[in-house]
Amino acid sequence: MSDIESRFADAHPPLTHAQAVVEANRCYFCHDAPCIQACPTDIDVPGFIRGIATGNLAGAARKILEQNIFGGACARVCPTEILCERACVWTEAGEQPIAIGALQRVATDWQMAQGEQPFIRAAPTGKKIAVVGAGPAGLSCAHALALRGHEVRVFDAKPKPGGLNEYGIAAYKMADAFAAREVEFIISIGGIDIEYDRELGETLNLAALRMEYDAVFLGLGQTAVNRMGIPGEDLPGIHDAVDFIAELRQAEDKATLNLGRRVIVIGGGNTAIDAATQARLLGAEEVTILYRRGPEHMSATPEEQRWARQHGVNIHFHAAPLRVEQVEGALRILTAGQNFVADTVLKAVGQKFAGLDGVRLENGRIAVDAVHTTSLAGVFAGGDCVAGQDLTVRAVQDGKLAARAIHAFLGF
Amino acid sequence: MADLTTIFAGIRSPNPFWLASAPPTDKAYNVERAFRAGWGGVVWKTLGEDPPIVNVSSRYGAVSYGGTRIAGLNNIELITDRPLDLNLQEITQVKRSWPDRAMVVSLMVPCTEESWKSILARVEQTGADGVELNFGCPHGMSERGMGAAVGQVPEYVEMVTRWCKQHSRMPVIVKLTPNVTDIVKAAAAAKAGGADAVSLINTITSITGVNLDTMSPEPMVDGKGTHGGYCGPAVKPIALRMVGEIARDATTRGLPISGIGGISTWRDAAEFIALGATNVQVCTAAMHHGFKIVDDMISGLSNWMDAKGYASLPDFQGKAIQNFVHWDDLNLNYKTIARIDQDLCIKCGLCYAACEDTSHQSIAALRVEGRRRYEIIDAECVGCNLCAHVCPVEYCITMVPVESGQPHLTWKDHPNNPSSANFAG
């Protein structure tokens with residue numbers, strides 16, 4: 001591995017078998033376990049951990065994957081410190097919680113290493129469903145539908161599947177082409193075809209999909225970005241952080257990406273953290289996050305903030321940019337207090353749903369009911385294009401629940 | 001600083017921690033290392049007649065529990081596989097170099113008077129402090145009419161003990177096998193034969209597991225397994241009970257006991273001594289962690305004795321014997337109830353699951369303002385202790401005695417007992 005690639009290697013290497021068994025045995029196997037309730041996909045956490053403790057990895061993996069087919073990705077990217085691990089009774093006792101994410105990875109990695117998934121598809125139903133978006137919401141839905149015997153055609157605007165797992169998450173969280181391998185694992189259930197470079201509103205038409213398919217699921221994600229709305233926002237050298245992250249993830253040779261010596265990242269979410277940390281790993285000497293409010297308001301978790309600082313990223317709070325100016329081949333960012341100079345500025349001030357004609361929206365996202373039905377009959381939606389926490393695990397749950405609703409809608 | 005000096009069966013040692021007859025005491029090299037580490041004495045690994053026995057390759061099986069290594073250990077090694085002369089020379093040399101440490105020699109020879117007489121004479125010449133008769137080894141030797149084959153027949157125990165007392169002036173310690181129905185019978189036989197002391201327990205006949213790939217019992221030798229002797233922390237409760245039985249029984253009371261069986265810490269040792277042992281022998285803990293564990297054993301026991309005001313071992317030795325009673329001497333009117341300290345509770349609900357599924361349904365699982373809360377239902381609690389045992393938080397669940405207002409009443413006097421004078425019919 002080249003030096004630069006090794007810098008983007010697995011952020012948290014997997015537990016060894018012995019470490020996993022010791023950690024699994026720390027689990028108290030709680031009654032009415034709070035970690036299960038904290039998991040957006042309702043994984044039976046103590047149940048799968050017991051499987052690891054006893055050497056029943058097949059049982060452990062099945063327990064995870066039957067609730068969350070993206071169990072491998074979630075083991076890597078879930079903010080467990082604000083979900084299951086925060087709910088862990090060890091946390092209540094003031095001690096280190098069970099490393100639930102790391103244990104989940106042990107089981108799901110084991111299953112993927114077997115080269116097959118533990119589920120068997122039901123007999124064909126003859127029903128056809130279109131899924132728009134091959135991200136966690138779309139593929140979770142597709143898998144759950146295929147499992148029930150339906151035929152699923154997935155359309156994605158990008159040339160590769162995986163959505164944010166492939167394009168939007170820091171490389172060290174999804175090392176070794178994990179996103180692509182996981183998609184392959186998921187679609188190995190059969191009955192799922194994916195068409196790439198098909199974008200809704202461009203080369204794909206919702207009305208036509210509704211005519212051709214028995215149901216449609218929209219897992220469109222948030223493909224538009226917010227603007228800061230300040231003078232100088234469009235100067236050369238200012239980019240969207242999501243584009244930088246995507247470019248980095250897709251680069252054949254990361255060394256070709258050059259951000260210059262000084263990088264400023266504007267924003268307070270995980271995208272800002274991922275962009276800033278990766279800028280450091282690429283070799284930028286000074287990387288600074290500017291966030292308009294205090295640390296308690298940052299949507300990046302304390303763990304994420306710590307991670308960035310460990311990699312030498314400076315975080316300035318209460319530093320709302322007022323204007324960007326070009327000065328001597330660099331950019332100057334003016335805030336109410338200090339001014340900052342950078343060679344590259346990355347904007348990470350939030351993504352938003354790009355919009356869709358003909359379907360009812362609510363607060364800028366697709367309006368759905370409790371079972372993910374949109375205002376259009378037979379059209380369902382989930383993931384980041386509907387209201388809710390913008391987390392992979394929530395998108396997976398949406399897709400899973402929508403599949404159940406579609407199955408019922410189709411009369412099963 | 002408490003005085004840990006021990007005199008056991010007339011043998012003096014600076015502390016009560018001896019290494020049991022086993023691989024750690026197989027040769028001068030190990031024993032000298034042990035003495036340097038601070039062990040008070042050793043029982044040299046069992047000597048037999050030449051030619052030496054032959055051992056197999058693959059000798060130990062172990063039980064790991066919950067990620068903890070060696071909760072129990074089993075072995076299929078036999079007695080020493082080195083020539084008798086070599087062992088005797090080394091014993092002589094080591095005893096001369098370490099005169100203040102106890103040097104006891106374990107012996108196992110065929111069940112004839114001549115065999116015992118001959119080896120005793122040779123051991124006596126080494127300057128050793130005593131002998132321990134290995135009547136316990138449950139594998140390999142018992143099939144040849146030695147070890148447990150002798151220990152399981154009280155008449156043989158008495159006979160061989162008597163030979164040894166007749167043919168030697170050394171103290172004789174009889175090591176007992178736990179693979180019997182009544183340990184007191186064997187101890188009484190040793191006493192009748194003139195034994196100066198008994199030591200127990202030897203290992204328990206066992207199979208540590210079955211390899212589900214090769215379908216062979218473990219430890220496995222070329223695809224086959226055989227029963228071995230089980231020891232280590234898992235056997236401590238069994239050993240304690242047997243030591244206690246011998247200590248309290250009228251026929252064996254007062255017979256010095258060397259406690260053996262899963263002793264890993266000073267606390268284990270103190271428990272054996274409280275229940276009647278004079279000293280203890282250790283093996284598995286040393287095999288797991290090396291000889292240096294004796295350091296904490298010595299300082300831990302000494303510090304605990306200081307804290308309790310015991311100046312020397314006899315001050316607490318045997319103090320628990322009087323409280324080791326038969327079930328029908330227990331007070332049926334004694335009552336305890338579980339108490340949950342809500343401030344310490346981490347809401348894991350293990351107490352609830354245990355009580356609800358397997359005991360007396362005396363814990364309520366509540367939600368108070370959305371938070372879990374577990375409460376004891378006093379009227380249903382029988383004071384069984386299960387919830388306190390499953391609770392992972394120290395001191396969170398305690399068993400609190402409650403005033404029953406009833407007099408002390410044992411089964412012997414209970415009106416439900418047909419053989420009681422108070423039987424109500």
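Me: How much of chain A counts as buried?
Reply: A residue is called buried if 20 or more other C-beta atoms lie within 10 Å of its own, exposed if 12 or fewer, and partly exposed in between, with C-beta atoms placed from the backbone. Of the 412 residues of chain A, 47% count as buried. This is a predicted model, in which local features need pLDDT of at least 70 and side-chain atom pairs count only at pLDDT 80 or more, while totals for chains, interfaces and linings use all residues. Residues are numbered from 1 along each chain as its sequence is written, and chains are lettered from A and ligands numbered from 1 in the order in which they are written.

Me: What radius of gyration does chain A have?
Reply: The radius of gyration is taken over C-alpha atoms, and the globule rule is 2.2 Å times the number of residues to the power 0.38. For 412 residues a compact globule would come near 22 Å, and chain A, with 22 Å, agrees with this. Its C-alpha atoms fill a box of roughly 65 × 55 × 40 Å along the principal axes.

Me: Which residues have the most contacts inside the largest nonpolar core?
Reply: A nonpolar core is a set of buried Ala, Val, Leu, Ile, Met, Phe, Trp, Tyr and Cys residues joined through C-beta atoms within 7 Å. The largest has 143 residues, and those with the most contacts inside it are A:Ile52, A:Phe217, A:Val265, A:Ala275 and A:Ala276. Helices (H or I, at least four residues) and strands (E, at least two) are DSSP runs numbered from the N terminus, and helix H10 (residues 136-147) of chain A gives the most to this core, with 8 residues. Apart from it lies another core, of 97 residues, including B:Leu200 and B:Met242.

Me: Against what do the buried residues of H7(B) pack?
Reply: An expected helix span is 1.5 Å times one less than the number of residues; helix H7 (residues 236-248) of chain B, with 13 residues, reaches 18 Å from its first C-alpha to its last, close to the 18 Å expected. Among its buried residues are B:Leu240, B:Met242, B:Val243 and B:Ile246. The buried residues of H7(B) pack against helix H6 (183-192), strand E10 (197-200), strand E17 (257-260) and helix H8 (266-274) of chain B. In H8(B), the buried residues include B:Trp266 and B:Phe272.

Me: How many residues of chain A are in contact with chain B?
Reply: Two residues are in contact if their C-beta atoms, placed from the backbone, lie within 7 Å. By that rule, 10 residues of chain A are in contact with 12 residues of chain B. The largest share of the side of chain A that touches chain B, 3 residues, comes from H2(A). The predictor gives the complex an ipTM of 0.81 and a pTM of 0.88.
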